[in-house]
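Morning, everyone. I have one structure to go through today, and I will start with a single residue before turning to the whole chain. Please have a look at it first.

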Amino acid sequence: MKKEEKTNVMRVLDGKKIAYESHAYNPDATMSGEEIAGILGEDPDKVFKTLVTQGKSGVYFVFVVPVKDELDLKKAAKAAGEKAVSMIKQKELLPLTGYVHGGCSPIGMKKQFPTFIHETAEQYDHIFVSAGKVGFQIELAPADLMSVANCKVADIV
């Protein structure tokens, strides 16, 4: 990746002086998170996806889970203190977060939403999340991600 090519996520991290490593790959719209982990040469347990939901109350919530796992909506609702949560429609993602499907990051959304990360993130010295653009990932310490995205740890898969 060219030095001058920075995503909003990278600018946020730079501004907060948080160490990270950026990784770029040639995206393909059909790629799964596990395929992206393979391209990065990383364990899929360390590569996380960002999912946006809406609670029964109307509040939006962000969940960060390993790419090989599925968000458990019941556990997610419990973590969020909601009766139920449901995934938002793909067309709602960009206007709500500023990110497109496949490039959604828990860092630097248009608005800060209550954010939860799966408890396994704490097992690693570094994890990967989207850098806010399809084809870009950032690698950083889970504690740094939790700090900058104001994440709560929960069992959500």
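Predicted model: local features only at pLDDT ≥ 70, side-chain atom pairs only at ≥ 80, totals over all residues.

As for its place, T115 sits in strand β5, which covers residues 115-118.

Is T115 buried or exposed? Its relative accessible area is 2%, and the cut-off for buried is under 20%, so T115 counts as buried. Its side chain also has a polar atom 2.7 Å from the backbone oxygen of F113.

Now the whole chain. The protein has 5 helices and 8 strands. Read from the N terminus, their order is α-β-α-β-β-α-β-α-β-β-β-α-β.

On contacts, take those with a separation of 6 or more: 62% of them are between residues 24 or more positions apart.

On overall dimensions, the C-alpha trace spans about 45 × 35 × 30 Å along its principal axes. The radius of gyration is 14 Å, which agrees with a compact globule, because one of 157 residues would be near 15 Å.

Then the surface. Of the 157 residues, 46% count as buried.

Last, the charges. There are 20 positive and 21 negative ones, and their mean positions lie 10 Å apart.

That is what I have; questions, please.

Definitions and conventions. Residues numbered from 1 in each chain as written. Heavy atoms only, no water. Helix = DSSP H or I, 4+ residues; strand = E, 2+ residues; numbered from the N terminus. Rg over C-alpha atoms; globule rule 2.2 N^0.38 Å. Buried < 20%, exposed > 50% of the residue type's maximum accessible area, 1.4 Å probe, protein only. Contact = heavy atoms within 4.5 Å. Lys, Arg positive; Asp, Glu negative; His and termini not counted. Charge placed at Lys NZ, Arg CZ, Asp CG, Glu CD. Polar contact = N/O pair within 3.5 Å; in protein donor to acceptor, adjacent residues only side chain to side chain.
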